[in-house]
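Let's take a friendly tour of a protein model and see what holds some of its parts together. Have a look at the structure first, then read on.

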Amino acid sequence: MSSLLEALKQKADAFVDLRRDIHRHPELAFDEHRTSALVADKLEGWGYAVERGLGGTGLVGQLVRGDGSRRLGLRADMDALPIHETTGLPHASCHAGVMHACGHDGHTAMLLAAAQHLAEHGRFSGTLNLIFQPAEEGGGGALRMMDDGLFEKYPCDAVFAMHNMPGIAQGRLVLREGAAMASSDYVSVTLTGVGGHGAMPHRATDPVVAAASIVMALQTVVSRNIDPLQMAVVTVGALHAGKANNVIPQSATLELSVRALDREVRAKLERRIKALIAAQAESFEVQAQIDWRPGYAVLVNTPDETAFAREVALELVGDESVTLQGPAVTGSEDFAFMLERVPGSYLFIGNGDGDSAGACMVHNPGYDFNDANLPIGAAYWALLAQRFLV
Ligand SMILES: [Zn+2]
Ligand SMILES: [Zn+2]
């Protein structure tokens with residue numbers, strides 16, 4: 001074990017307490033006032049120059065040392081989810097219906113532990129930018145910070161981020177070069193027909209039958225239009241129409257989640273889905289209104305930065321605890337937007353597998369971040385910063 005990891009294990013208790021304090025006080029997207037103030041105060045206390053209020057409740061802590069010209073960005077997310085916690089743990093959420101069910105409390109605490117270590121003992125030369133973002137869970141907090149001039153004010157030669165992952169052995173570091181997480185688009189479709197009596201369908205134009213046909217037709221997009229060797233998901237997660245057995249409703253709505261790991265596949269999905277819905281609607285003589293809301297981009301880890309991150313991981317925990325090229329994930333992550341602007345790499349740290357408590361999936365009301373990862377994640381950030389800023 002590296003001496004750096006040993007050093008961070010020695011002071012892990014204070015950061016476990018901090019992590020649990022954040023867990024007890026979860027805040028939803030763009031409402032992370034207490035959390036971001038806590039983070040900003042800590043960073044200032046350790047000598048970082050802090051800009052608060054970047055992208056709403058986001059902040060950046062900067063530490064410049066020596067005369068090195070390289071500039072590094074490390075990102076953690078701070079927001080919680082609208083889930084009612086059922087863990088029954090002593091540090092369970094004290095806000096009903098709000099919970100750190102994705103471990104962003106742990107991500108924040110890991111980066112803070114690294115921040116303190118680097119301020120006290122860091123041997124580096126260059127500019128360290130610690131980016132604490134709001135609203136990762138669908139709110140696009142990364143984009144908001146970028147719209148507020150994140151990379152103009154704090155230019156970075158590379159950016160890195162980390163997420164915990166249940167189902168992977170605790171502390172295992174999983175990296176991947178290339179497309180690692182999916183784009184995620186949200187589509188809302190409203191079909192409008194002519195309502196009428198269920199006994200006289202010929203006097204109505206039924207949006208229910210059109211909706212049913214569209215749901216089935218959409219299944220052919222992935223199976224018939226997308227290269228079988230490419231990943232694509234088209235899920236109709238909601239279908240709403242009608243209230244009574246003898247009434248043909250006026251309208252029906254569908255809500256879709258559309259995902260891809262490739263920009264061209266993503267564009268083709270949009271083209272085919274729109275065309276299919278339009279043609280199907282026309283064939284049933286109903287009006288279709290399609291509201292296509294682009295969500296997070298495909299997250300692409302760049303080759304050089306991923307190779308560098310792998311070296312850091314191997315140096316820290318050894319090859320028996322590192323997966324050099326893990327599988328891609330169909331979930332999405334708004335760090336993808338930062339990677340569209342700046343090269344970098346995103347990795348997973350195992351939260352626990354098998355029957356262990358850490359194996360409970362994120363976004364489940366029984367989930368909790370595994371505190372055994374605090375020193376590992378912090379040591380990874382500290383080592384990465386010292387190896388990058390030379
Ligand atoms: Zn999440
Ligand atoms: Zn998350």
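## A buried pair to start with

Keep in mind that this is a predicted model. Let's begin with two residues, R19 and D105, which are both buried. They form a salt bridge with each other, and their closest N and O atoms are 2.8 Å apart. R19 sits in helix α2 (residues 12-24) and D105 in helix α4 (residues 104-121), so this pair ties together parts that are 86 residues apart in sequence.

## R19 has another partner

R19 also forms a salt bridge with D371, where the closest N and O atoms are 2.8 Å apart. This pair links distant parts of the chain: R19 is in helix α2, while D371 is in the loop between β16 (344-352) and α11 (374-388), 352 residues apart. R19 is buried, and D371 is buried too.

R19, R20, D105, D368 and D371 are linked in a network of salt bridges. And how many salt bridges does a search of the whole structure find? It turns up 18 of them.

## A bridge between two helices

Next up is a salt bridge between the side chains of R34 and D21, with N to O at 3.0 Å. R34 belongs to helix α3 (residues 33-45) and D21 to helix α2, so the pair ties together parts that are 13 residues apart in sequence.

Are these two buried or partly exposed? R34 has a relative accessible area of 32%, so it is partly exposed. D21 has a relative accessible area of 18%, so it is buried. The reason is the cut-off: buried means under 20% relative accessible area.

## The zinc ion called ligand 2

Time for some metal. Which residues coordinate the zinc ion (ligand 2)? They are C102 (SG), H104 (NE2) and H163 (NE2), at 2.1 to 2.3 Å. Along the chain, the donors of the zinc ion (ligand 2) follow the spacing C-x1-H-x58-H.

C102 lies in the loop between β3 (71-77) and α4, and H163 lies in strand β5 (residues 158-166), so this pair ties together parts that are 61 residues apart in sequence. Both C102 and H163 are buried.

## The zinc ion called ligand 1

The zinc ion (ligand 1) is coordinated by C102 (SG), E137 (OE), E137 (OE) and H363 (NE2), at 2.0 to 2.7 Å. The donors of the zinc ion (ligand 1) follow the spacing C-x34-E-x225-H along the chain. The angles among its four donor atoms run from 53 to 150°, and the site of the zinc ion (ligand 1) is irregular. To count as tetrahedral, four donors would need all angles between 85 and 135 degrees.

C102 has 6% relative accessibility, so it counts as buried. E137, at 23% relative accessibility, counts as partly exposed.

## One residue, two zinc ions

What does C102 bridge? It bridges the zinc ion (ligand 2) and the zinc ion (ligand 1), which lie 3.1 Å apart.

Technical notes:
Residues are numbered from 1 along each chain as its sequence is written. Chains are lettered from A and ligands numbered from 1 in the order in which they are written. This is a predicted model: local features need pLDDT of at least 70, side-chain atom pairs count only at pLDDT 80 or more; totals for chains, interfaces and linings use all residues. Side-chain values use heavy atoms; hydrogens and water are left out. A salt bridge is a side-chain nitrogen of Lys or Arg within 4 Å of a carboxyl oxygen of Asp or Glu. Helices (H or I, at least four residues) and strands (E, at least two) are DSSP runs, numbered from the N terminus. Buried means under 20% relative accessible area, exposed over 50%, partly exposed in between (1.4 Å probe, protein chains only). Donors are N, O and S atoms within 2.8 Å of the metal (3.2 Å for Na, K and Ca); water is not among the atoms, so sites may look incomplete. Four donors count as tetrahedral if all angles lie between 85 and 135 degrees; four count as square planar and six as octahedral if opposite donors are over 155 degrees apart and all others between 65 and 115; anything else is irregular.
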